[in-house]
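Colleague: I have a model open and a few things to ask about it. Can we go through them one at a time?

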Amino acid sequence: MADLNEIDDGQSSITDGTCKTYRLPWSKYENIFKIIDLKEDFEKYQKFNVRCKYCASSKLLTADTRNSSNLLKHLEMQHKNIWTSQNEKFVQTKLKRKTDDCINENFHSNHKLEINEKKTKVTTILDFSKRNSSVSQNELNLMIQNLIINASLPFNLVEQIDFKNLITTGYPNRHVLSRKTLMKNIEAQHQVLLQDMKSIFSKVNYLTTTADCWTIFKRSYLGMTCHWINPVSLERESCLLAIRRLKGSHTYDLLARTMESIYTEFNINDKVIYTTTDNGSNFVKCFEIYGQSSVVEIVQDGSKKTDVEILQTLEDSIEEEYDENKEDTDDDANTEKDEDVSFSRISITQVLDNRELIGECTSNWDDCMVYNLPKHHRCASHTLNLIATAEIEKALSAIA
């Protein structure tokens, strides 16, 4: 048994030689019983010799930290009045603790209600049925229209019952627009887009285009894109000009007529400096016949001139200086020639009726049309692809 030093009578704890303090585990018995010494010390519990402060005798009682029944029995038999008063205090303390616990529970319950209210608010925000009032019918029509355009969906989607149920479930007070209204809105949006593109092109001086034709599902199409430098931000911008249906074979004149019609529609005939295509024979012949020549243009005196025109101007100026000394002789010669020249009037009806002047144009007017196309630029990627495939095969077959 450890050598214990008793503490003051007003306390119910002791300290052994190792400065380890022992105390009864029941706070309601602290003022009634006093620890005398440590009787047994186990790993999980202890036994004490305690003395009742209200007993006249020095009888010791054994108190086990696992159970207080021995102390409780002593109070009920020897000090019933003291135990009743102490028990009432304990009961009041216990009731107070219960009250505090109830307050805490109410606080936590209210806090949970606030959290649930916040969750309800979040759920309400995410509930589409309660947001339909914030989306007008025009906004809903525009969303459906953009969905069909961007996803390349058929127009009859708005006539499907499942699609109508989806929209009316999400927006109970709204309805799905009809197919006729949808096509009308898309056409109106298309016209607005064309006007915006024309407005942008009017502020740009130089444009380049790309063109390509293809066949799918036994139908032919020509697609053209446009590229330019933004004059404000100096960034490259691009857009799709048009996709046109081609009826018949992909002949060079059909391609020329279609491309020029697109340029005319956007008023960019004089702004397109180059058109890039693949190495197809129809495109190559189209620009060889109707395209501008690739001579270098030089700006002189505020106007664009080719190098050939500049050389011709220099030659003309030299000839004028050379002929200044012979001005009188030339005037006499010109006078004699003017006297020999005679003119005759020809009726316009004779010109129109003369098939020798018109040739075969009256039989096929399209053959007489002359189209104005920009300079041609062949796609470098397609050229390299042809070199890496067809040209190499030809070279190898020639060597073999």
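Modeller: Fine. Keep in mind that this is a predicted model. One place to begin is Cys-239, which is buried, with a relative accessible area of 18%.

Colleague: How far is the sulfur of Cys-239 from the closest cysteine sulfur?

Modeller: The distance is 5.1 Å, to the sulfur of Cys-226, and that is too far for a bond. A disulfide needs the two sulfur atoms within 2.5 Å.

Colleague: And how many disulfides does a search of the whole structure find?

Modeller: The search finds 0. Cys-226 is accordingly in no disulfide, and its nearest cysteine sulfur is that of Cys-239.

Colleague: Is Cys-226 buried or exposed?

Modeller: Cys-226 is buried, at a relative accessible area of 0%.

Colleague: Now the sheet. What is the strand order in the open sheet of 5 strands?

Modeller: The order is β9-β8-β7-β10-β13, with mixed pairing. β9 (236-246) and β13 (375-378) are the edge strands, each pairing on one side only. On average, neighbouring strands are turned by 25 degrees against each other, direction ignored.

Colleague: In which sense do β8 and β9 pair?

Modeller: Antiparallel, over 10 bridges. For a specific pair, take His-227, whose bridge partner in β9 is Ser-238.

Colleague: Which strands does helix α5 touch?

Modeller: Helix α5, residues 179-202, packs on the sheet and touches β7, β8 and β9. The direction of α5 makes about 130 degrees with that of β9. Helix α6, residues 252-265, lies across β7, β8, β9 and β10 (272-277). The angle of α6 to β9 is about 130 degrees.

Colleague: Which residues touch the most other members in the largest nonpolar core?

Modeller: Phe-201, Leu-222, Leu-241 and Met-259, out of 30 residues in that core. At least two core residues come from each of α5, β7, β8, β9, α6 and α7 (281-290). α6 gives the most, with 6 residues.

Colleague: What does Leu-241 touch, leaving out residues up to four places away in sequence?

Modeller: Leu-241 touches Met-197, Phe-201, Thr-209, Met-224, Thr-225, Cys-226, Ile-262, Phe-266 and Ile-268. Another core, of 15 residues, lies apart from the largest one, and includes Tyr-22, Ile-35, Cys-52 and Leu-71.

Colleague: Different topic. Where does Phe-217 lie?

Modeller: In the loop between β7 (207-216) and β8 (219-229). Phi of Phe-217 is near 55 degrees, a positive value in a residue other than glycine. Lys-218 lies in the loop between β7 and β8 too, and it has a positive phi of about 65 degrees although it is not a glycine.

Colleague: Is Phe-217 buried or exposed? And what is the relative accessible area of Lys-218?

Modeller: Phe-217 is exposed, with a relative accessible area of 74%. Lys-218 is at 84% and counts as exposed because the cut-off for that is over 50%.

Colleague: Last one. Which helix does Ser-381 lie in?

Modeller: Ser-381 lies in α12, residues 380-399. Ser-381 is exposed, with a relative accessible area of 55%. From Ser-381 to Asp-278 the separation is 103 residues in sequence and 8.7 Å in space, C-alpha to C-alpha.

Technical notes
Residues numbered from 1 in each chain as written. Predicted model: local features only at pLDDT ≥ 70, side-chain atom pairs only at ≥ 80, totals over all residues. Heavy atoms only, no water. Helix = DSSP H or I, 4+ residues; strand = E, 2+ residues; numbered from the N terminus. Buried < 20%, exposed > 50% of the residue type's maximum accessible area, 1.4 Å probe, protein only. Pairing = 2+ DSSP bridges. Axes fitted to C-alpha atoms, helices over the stretch in contact; angles between N-to-C directions. Contact = heavy atoms within 4.5 Å. Core = buried A, V, L, I, M, F, W, Y, C linked by side-chain atoms within 4.5 Å.
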